[in-house]
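Q: I'd like to learn how to read a structure like this one. Could you walk me through it, feature by feature?

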Amino acid sequence: MERPGEGTARPLTGLGEKNAAAVPEPLGALEASPPWLQPPNSSWERIRELFRDQKEYPEEPMHIVKAAFTGSLVGFVYGGIPGYLNAKKQYIEQCGGELYHNRLDAVQSMQRSAIRGFIRYGWRWSWRVAAFVTIFKSVYFLLPVGDDSVFLFSNSLLKKYN
């Protein structure tokens, strides 16, 4: 017995079975179809399929980019604030008895040193947190594509492969 979706379909006519011509089904045998119409077989093909011939980026890579950007901002602040305080403290301890023209000049010099510390330590933490978040999110979103399974938040995968 033939299962639905296999073989050929017969049009419904009143002339009987012998007069009915075989009509190929649109979703019938995919073995004879060109390779770009066949479903992806390997995990790399499924991942490439996410990025192929689309005018908009898929939802998952945009989540990865947003998470990496947010992680870099959080890392910049997380590393920058202690760096600012540490550089300010070191500058006050090391400046000793330097002579300044006025109080404003002394405060500006201390703040320049503290801002350099904020940027230095903020940058160190920024790229590290961004790299960690990017790797974590990439595995989280791309592993279900390669595994041919679906995770909880993979909405566009649900639409694409189901």
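Q: Let's start with valine 74. Which helix holds valine 74?
A: Keep in mind that we're looking at a predicted model. Valine 74 sits in helix α2, which covers residues 59–95.

Q: And is valine 74 buried or exposed?
A: The general idea is to look at relative accessible area, where over 50% means exposed. Valine 74 comes out at 51%, so it counts as exposed.

Q: Which residues form a nonpolar patch on the surface?
A: That patch is made by Val74, Tyr78 and Trp125, and together they have about 340 Å² of accessible area. Tyr78 is in helix α2, while Trp125 belongs to helix α3.

Q: Where does tyrosine 78 stand relative to glycine 122?
A: Along the chain, tyrosine 78 and glycine 122 are 44 residues apart.

Q: Which residues is alanine 87 in contact with, leaving aside its neighbours within four places in sequence?
A: With those neighbours set aside, alanine 87 touches Ser113, Ala114 and Gly117. For a C-alpha reading, take alanine 87 and tyrosine 121: they're 34 residues apart along the chain, with a separation of 9.8 Å.

Q: Now for serine 109. Where is serine 109 found, and is it buried or exposed?
A: Serine 109 lies in helix α3. Its relative accessible area is 14%, so serine 109 is buried. Once you leave out neighbours within four places in sequence, its contacts are Tyr91 and Tyr100.

Q: What about charge: which residues form a positive surface patch?
A: The patch is formed by Arg112, Arg116, Arg120, Arg124 and Arg128. Take arginine 124 as one of them: it is found in helix α3, residues 103–147. With a relative accessible area of 36%, arginine 124 is partly exposed.

Q: Let's zoom out. How many helices and strands does the protein have?
A: There are four helices and two strands. Read from the N terminus on, the elements run β-β-α-α-α-α.

Q: How much of the protein counts as buried, and what about its surface?
A: Of its 162 residues, 23% count as buried. The accessible surface comes to about 12600 Å², and 62% of that belongs to carbon and sulfur atoms.

Q: One last thing: what share of the contacts with a separation of 6 or more comes from residues 24 or more positions apart?
A: Those pairs account for 58% of such contacts in the protein.

Technical notes. Residues are numbered from 1 along each chain as its sequence is written. This is a predicted model: local features need pLDDT of at least 70, side-chain atom pairs count only at pLDDT 80 or more; totals for chains, interfaces and linings use all residues. Side-chain values use heavy atoms; hydrogens and water are left out. Patches are made of residues with over 30% relative accessible area and no salt bridge: like charges are joined within 9 Å, nonpolar side chains (Val, Leu, Ile, Met, Phe, Trp, Tyr) within 5 Å. Accessible areas come from the Shrake-Rupley method with a 1.4 Å probe; for residues, only the protein chains shown count as cover. A salt bridge is a side-chain nitrogen of Lys or Arg within 4 Å of a carboxyl oxygen of Asp or Glu. Lys and Arg count as positive and Asp and Glu as negative; His and the chain ends are not counted. The place of a charge is taken as NZ of Lys, CZ of Arg, CG of Asp or CD of Glu. Buried means under 20% relative accessible area, exposed over 50%, partly exposed in between (1.4 Å probe, protein chains only). Contact means heavy atoms within 4.5 Å.
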